[in-house]
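Here is a note on this two-chain model, for your review. Please read the points below with the coordinates open.

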Amino acid sequence: MPDLLIELFSEEIPARMQPRARADLQRRVTDGLRAGGLSMGAATAFSTPRRLALAVEGLGAESPARHESRKGPRVDAPEAAIEGFLRSTGLTREDLRIKDDRKGQYYSASMTHPGRSADAIVAEVLESTIRDFPWPKSMRWGSGSLRWVRPLHAILCILTDHDGARVVPLEVDGIAAADVTRGHRFMAPEPVRVAGHDDYAAKLRRAHVLLDPETRAEHIRAEAATLTFAQGLELVEDAGLLEEVTGMVEWPVVLIGEIGADFRHLPPEVLQTSMREHQKFFSVRDPAAGQITHFVTVANRETEDGGATILAGNQRVLAARLADAAFFWDNDLRVVRDAGLAGMADGLAQVTFHAKLGSQAERVARIAALAREIAPLVGADTDAAETAARVAKADLQSAMVGEFPELQGVMGRYYAEAEGLDPEIARACEMHYKPLGPGDEVPDEPVSVAVALADKLDTLAVFWAIDEKPTGSKDPYALRRAGLGVIRSVLENGLRIPIGGLIRQHCEHLEHAALMKRPDEDAWARIVLAQNLSFFLHERLKVHLREEGIRHDVIDACLAMTGADDLTLLVRRAEALGDLLKTEDGENLLQGFKRANNILTQAEEADGVEYSFGPDPKLAETGAESALFEALDAAGSEIGPAMAAEDFTAAMRAMAGLRAPIDAFFEAVQINTDNQTVRRNRLNLLHRIREICLQVADLRRVEG
Amino acid sequence: MADQAAKPRSFQELILRLQGYWAVNGCAILQPYDLEVGAGTFHPATTLRALGLRPWAAAYVQPSRRPTDGRYGDNPNRLQHYYQFQVIMKPSPPDFQELYLGSLRAIGIDDARHDIRFVEDDWESPTLGAWGLGWEVWCDGMEVSQFTYFQQVGGHDCHPVSGELTYGLERLAMYVLGADHVMEMPFNDPDAAQPLSYGDVFRQTEREYSRWNFEVADTDALLRHFEDAEAECARILNAPDSDAAGRRIVMAHPAYDQCIKASHIFNLLDARGVISVTERQAYIGRVRALARNCADAFLRTEAGGAA
């Protein structure tokens with residue numbers, strides 16, 4: 001059982017592509033080997049900036065022999081047919097056997113395909129893996145036609161068993177597989193001959209390459225912790241950056257440096273963003289000063305001067321970057337001091353939001369108007385919400401956000417604080433962008449909530465108005481995210497607002513923004529627009545709730561009810577219905593309801609009348625029928641008040657109580673009797689079942 | 001091989017060493033192109049020669065103009081006129097990275113003391129209809145070069161692929177020479193009878209051009225020049241392949257000159273702030289169309305590999 005070792009040695013692979021590439025290499029090679037009939041033990045993939053490697057333990061030495069028996073032509077078939085069969089099987093006539101079936105005699109070929117060596121299968125699988133590797137972006141180089149993420153220089157491919165290591169014969173675009181790799185680009189560039197997994201990892205380590213990204217990450221983490229701890233400092237954890245840096249070094253050397261005192265007054269987000277985005281530095285906090293005072297950088301080599309030159313160079317670059325940031329910060333603060341955030345926002349009139357949608361200033365005006373409408377519904381002060389909306393996008397005009405777009409909102413908060421605006425307004429500048437993703441926090445202060453909802457609803461409405469809806473995987477304006485943001489902001493704050501009504505109202509405001517082209521069709525177009533948008537939100541809600549474990553048909557059953565505009569209520573109703581349907585009573589009630597509804601619907605269609613005339617209990621013929629009358633009266637008197645009090649659990653419980661009487665009724669009674677009076681009365685009774693249940697939820701839409 | 005022990009002492013020495021290094025390594029050392037360009041890539045020795053099958057190897061200094069980067073000579077790092085050193089080798093040699101690292105050693109950057117890194121950076125020039133994959137090269141965290149394998153130029157797949165290097169000379173020299181302000185960097189040898197700083201040579205021109213770029217340039221005239229260049233480019237390319245005497249002469253280079261002019265005029269208009277966000281894309285598209293047509297024409301010439 002040999003071990004397989006593969007290394008694809010190339011010029012520097014982008015760090016962000018390495019994790020996917022490791023997984024793809026492992027999956028494609030092991031799938032291919034399995035498809036070729038080879039068994040195997042554990043497989044592990046590794047990457048460094050210059051190599052992608054895979055180790056597979058205990059590979060089968062060869063694929064098993066395979067027996068095949070093939071049915072040929074009939075014995076009396078034309079000679080040509082028999083010759084053809086012999087050609088296709090590669091056999092002679094003596095090898096064929098004659099078999100019988102019901103129709104007569106025919107030739108049969110029995111063949112044994114010998115197993116193939118692991119070497120042959122590996123060579124085949126690796127070549128096709130290299131040629132079809134799913135890099136997100138690949139390239140050609142020199143005069144060749146092979147594509148790889150960057151020029152591929154060498155292929156190491158060996159099988160190791162008790163006899164030693166052998167190279168798997170393989171050549172791709174002029175690159176022949178060998179048993180040789182190279183160490184660190186600068187510290188150990190000489191070729192290294194490799195005899196197996198452990199030998200490979202050990203020799204690479206001696207050649208200043210840590211093969212395993214986990215090992216490198218752990219080394220960086222531990223070194224950074226030691227260096228910071230020694231100075232009484234603490235590292236600001238950043239898992240994404242750690243992964244990226246791990247993919248940029250083969251021999252991590254962790255260095256700690258100081259941020260110039262001139263720059264420490266900058267907001268920590270500015271320091272962190274500048275250092276992370278431009279320099280790939282980790283931020284280091286001084287807990288005593290409560291500031292970011294140092295940085296950690298990871299070099300890719302050791303030097304005689306212990307990294308002093310490298311650190312000095314990095315520090316110089318950082319100083320130049322932070323001088324830029326400080327320049328932006330001071331400039332922005334001067335603008336805010338002179339003209340306020342509102343003054344900073346003036347420039348938004350010159351910034352196009354979207355070619356068809358006018359300027360950012362027009363957008364802000366729409367958001368401000370909508371925020372005023374929403375404010376009282378979420379417990380926010382109307383004027384505060386409007387003011388917050390008017391300044392929330394001002395920082396898009398700041399020099400700092402111009403340089404670091406990811407700081408939008410954060411800078412707005414700092415500049416609002418600098419201006420002395422109400423803290424709730426300052427926080428709204430930052431929080432109104434949230435939630436940015438499924439895991440992100442949702443705004444919870446009333447002013448922030450009002451502006452966040454207004455911003456998202458406006459974005460949805462205007463892009464719907466110009467027919468820029470998300471399609472398939474394309475959602476360039478992140479409208480699905482905006483939709484989910486609206487839903488989560490409402491649900492997680494338990495807001496009781498008529499979301500569809502707000503959308504309708506806002507779509508009417510769009511008229512003033514001249515978004516609708518033809519005035520004659522305006523009113524109708526606005527109604528359709530609002531409906532489409534509400535439908536989209538309901539679809540997003542279904543997706544969201546499905547992740548929370550609520551079935552889409554259960555939501556449909558609740559969406560069909562009046563008051564579905566109130567998402568909080570809608571979800572509570574859906575949860576109660578979902579819980580009910582999980583019980584045996586609920587499931588049986590649903591069946592009873594469907595049966596009643598089907599019989600009634602068929603009778604109504606056949607008779608061309610609606611059986612909505614109240615049934616008469618005096619016409620009840622059996623005990624079960626009388627009992628159903630009583631049960632419906634009881635349930636009806638409970639459900640009404642429960643629904644009025646929005647106590648869905650109580651309403652569902654009352655409805656579930658109908659299960660036994662309905663079952664007993666269907667058991668004891670034939671609906672379609674010859675006595676037309678009794679039949680009519682029973683259909684009217686079924687109508688009461690439908691009526692009472694539909695008060696709670698539209699059970700017709702529930703599947704099952 | 002150039003002297004590796006000592007660092008260059010001046011801006012010009014750094015340039016001379018790069019030229020010497022790449023001359024030894026097989027490049028034709030060309031002179032700057034005599035038109036205003038935004039980057040060394042625009043030189044026909046790169047843009048056009050990256051097309052077609054014929055091998056090519058050249059290196060040159062190219063003055064580059066970025067009107068929007070003008071700061072009247074005050075900013076320590078930003079200039080509206082600066083120098084790029086450009087290397088192009090077609091097909092890209094297998095040891096192109098090693099050759100590049102050798103050039104850093106030639107200008108006194110010893111990789112035993114420094115941390116040299118190849119960091120993902122894909123290059124794209126929307127105006128040239130060109131893109132490639134490669135890296136920005138970091139030396140101790142500072143970007144010192146752009147390293148690109150051309151994949152497409154003028155809308156054509158590059159086959160063979162050219163390897164392209166761009167060194168931002170001022171920034172690189174400031175780093176090597178330890179200068180904090182570009183204007184204070186020695187241009188010639190500090191011990192020369194007449195030592196000159198970069199500022200002695202360029203401070204005044206930076207001020208003059210910054211004023212002209214930002215405040216004075218006649219935008220109406222520039223718009224006309226843009227249209228003229230565009231029209232002339234089309235006229236040149238529409239001429240028949242053969243002249244009156246029946247000689248087949250496709251005028252790819254004269255047409256490409258007009259493309260270069262249009263591109264630079266667009267940059268000037270941009271600096272004057274007269275191009276809106278929407279118009280911007282349209283202008284870039286017009287220049288790209290010119291570049292594409294010139295590339296098509298070049299492929300019909302001898303240097304472009306046509307018989």
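1. Glu646(A). This residue sits in the loop between helix 21 (623–644) and helix 22 (648–656) of chain A. Helices (H or I, at least four residues) and strands (E, at least two) are DSSP runs, numbered from the N terminus. Glu646(A) is not a glycine, yet its phi is positive, at about 55°. Glu646(A) counts as partly exposed because it has 15 C-beta neighbours inside 10 Å. The cut-offs are these: buried means 20 or more other C-beta atoms within 10 Å of the residue's own, exposed means 12 or fewer, and partly exposed lies in between, with C-beta atoms placed from the backbone.

2. Ground rules. The model is predicted: local features need pLDDT of at least 70, side-chain atom pairs count only at pLDDT 80 or more, and totals for chains, interfaces and linings use all residues. Residues are numbered from 1 along each chain as its sequence is written, while chains are lettered from A and ligands numbered from 1 in the order in which they are written.

3. Helix 23 of chain A. This helix spans residues 659–668, and its buried residues are Arg659(A), Pro661(A), Ile662(A) and Phe665(A). What do the buried residues of helix 23 of chain A pack against? They pack against helix 20 (584–607), helix 21, helix 22 and helix 24 (676–696) of chain A. Contact here means that the C-beta atoms of two residues, placed from the backbone, lie within 7 Å.

4. Leu541(A). Look for it in helix 17 (residues 522–547) of chain A. Leu541(A) is buried, as 26 other C-beta atoms lie within 10 Å. Leaving out residues up to four places away in sequence, Leu541(A) touches Ile487(A), Ile555(A) and Leu567(A). Ser108(A) is 433 residues from Leu541(A) in sequence, and their C-alpha atoms are 62 Å apart in space.

5. Domains of chain A. The division gives domain 1 (3–62 + 117–206), domain 2 (66–113), domain 3 (212–350 + 393–421), domain 4 (356–375 + 432–548) and domain 5 (577–701). These bounds come from an automatic or database domain assignment. Between the C-alpha centres of domain 2 of chain A and domain 5 of chain A there are 70 Å.

6. The interface. On chain A, 28 residues are in contact with 26 residues of chain B. Helix 8 of chain A gives the most, with six residues. By class, this side of chain A has 11 nonpolar, 10 polar and seven charged residues. Ala, Val, Leu, Ile, Met, Phe, Trp, Tyr, Cys and Pro count as nonpolar, Asp, Glu, Lys and Arg as charged, and the others, Gly among them, as polar.

7. Chain B overall. It has eight helices and nine strands. A compact globule of 307 residues would have a radius of gyration near 19 Å, and the 20 Å of chain B agrees. That radius is taken over C-alpha atoms, and the globule rule is 2.2 Å times the number of residues to the power 0.38. Along the principal axes, the C-alpha atoms of chain B fill a box of roughly 60 × 50 × 40 Å. Of the 307 residues in chain B, 47% are buried. Among contacts in chain B with a separation of 6 or more, 66% join residues 24 or more positions apart.

8. Helix 1 of chain B. This helix (residues 11–24) has 14 residues and reaches 20 Å from first C-alpha to last, close to the 20 Å expected at 1.5 Å a residue. The expected span is 1.5 Å times one less than the number of residues. Phe11(B), Glu13(B), Leu14(B), Arg17(B), Leu18(B), Tyr21(B) and Trp22(B) are buried. They cover an arc of only 165° around the axis, so they lie on the same side of helix 1 of chain B. The arc is that of the directions from the helix axis to the C-beta atoms. On the face turned away from the buried side are the exposed residues Ala23(B) and Val24(B). Just after the helix, Gly26(B) has a positive phi of about 95°.

9. Backbone checks in chain B. Lys90(B) and Pro91(B) are joined by a cis peptide bond, with omega about -5°. Pro91(B) lies in the loop between strand 3 (81–90) and helix 3 (96–106) of chain B. Another cis peptide bond joins His159(B) and Pro160(B), with omega about 5°.
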